[in-house]
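Here are some notes for a first look at this model.

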Amino acid sequence: MIEHALNFGYVAVSMAVLLNLWRLLRGPSLMDRVLAVDTMVINVIALIILFGIQQRTTVFFEAALLFAMFGFVSTVAYCRFILRGDVIE
Amino acid sequence: MNFLLELLVSVLIVLGGIFALIGSIGLVKLPELLTRLHGPTKATTLGVGGALAASMLFFFAIEGTLSIHEVLISVFLFLTAPISAHFIAKAHLHEHEELRGDLPSTGRPQGWSTFDGLPEGEGEERPEQAPRA
């Protein structure tokens, strides 16, 4: 039963990533693209976790944690660059 | 008992996938950025939370190993999603100066601090503020 649930989860999250990609390519303003990348990072974390459940191993959690940290840091750095013209003042 | 646990893990995975999909549909369908911000920050975070809870339950109940990484990831995500949303909204306001007229009044002599900065003489001697109702 978990197999079927995992397949459903893969399909749903992959469609979510494709929708984010659409917004990333289409997004009228700059911040739309930043938001799309931020959401895409979160969805990729979900994909990594589902893959970890399927493979029955916990080695992928470090990758998910690194994704979470770098996604957050890059979003904040980009917004700060837009706001102040500099990342580290 | 084992069947019940598998059912619970499956339900959590399916709910997580549905929430992630709803968040991204909101990102595509909603009309402008300040409304689009709600999709990722609420629904997608909840979707990842569902997947993380499923993973934690799976490894604890079925595999028999307790893993704490999921708590770490979910706490990190739940802390950082509002902060990045705040930054995105602020940068959007600064990128589109014409939105400034639409902002509600602060009810004080100073405007919004993201545009006008802190009031004069911040700290000990604050200027007279409008009395609260």
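1. Residues 34-53 of chain A are 100% helix and 0% strand, with 29 Å between the end C-alpha atoms. The model is a predicted one. An unreviewed UniProt entry lists 34-53 of chain A under "transmembrane region", along with residues 6-22 and 59-83.

2. Residues 6-22 of chain A are likewise 100% helix and 0% strand.

3. Helix H1 of chain A runs over residues 2-26, 25 residues in total. From first C-alpha to last, H1(A) reaches 36 Å, close to the 36 Å expected at 1.5 Å a residue.

4. Which residues of H1(A) are buried? They are Ile2(A), Ala5(A), Leu6(A), Gly9(A), Tyr10(A), Ala12(A), Val13(A), Ala16(A), Val17(A), Asn20(A) and Arg23(A). Their cover includes H2 of chain A and, from chain B, helix H1 (2-29), helix H2 (33-36) and helix H3 (38-62).

5. Helix H2 of chain A (residues 30-55) packs with helix H4 of chain B (residues 69-95) at an angle of about 170°, and the axes are 10 Å apart. H2(A) is therefore roughly antiparallel to H4(B), as angles over 145 degrees count as such.

6. On the H2(A) side, the contact is made by Leu30(A), Met31(A), Val34(A), Leu35(A), Asp38(A), Ile42(A) and Ile45(A). On the H4(B) side, Ile73(B), Leu77(B), Ser84(B), Ile88(B), Ala91(B), His92(B) and Glu95(B) meet them. Sorted by class, the contact of H2(A) with H4(B) has ten nonpolar, two polar and two charged residues.

Conventions. Residues are numbered from 1 along each chain as its sequence is written. Chains are lettered from A and ligands numbered from 1 in the order in which they are written. This is a predicted model: local features need pLDDT of at least 70, side-chain atom pairs count only at pLDDT 80 or more; totals for chains, interfaces and linings use all residues. Side-chain values use heavy atoms; hydrogens and water are left out. Axes are lines fitted to C-alpha atoms, for helices over the stretch in contact, and angles run from 0 to 180 degrees between N-to-C directions. Helices (H or I, at least four residues) and strands (E, at least two) are DSSP runs, numbered from the N terminus. Angles under 35 degrees count as roughly parallel, over 145 as roughly antiparallel, 65 to 115 as roughly perpendicular and the rest as oblique. Contact means heavy atoms within 4.5 Å. Ala, Val, Leu, Ile, Met, Phe, Trp, Tyr, Cys and Pro count as nonpolar, Asp, Glu, Lys and Arg as charged, and the others, Gly among them, as polar. UniProt positions are given in the numbering used here, feature names are shortened, and annotations may be inferred rather than shown by experiment. The expected span of a helix is 1.5 Å times one less than its number of residues. Buried means under 20% relative accessible area, exposed over 50%, partly exposed in between (1.4 Å probe, protein chains only).
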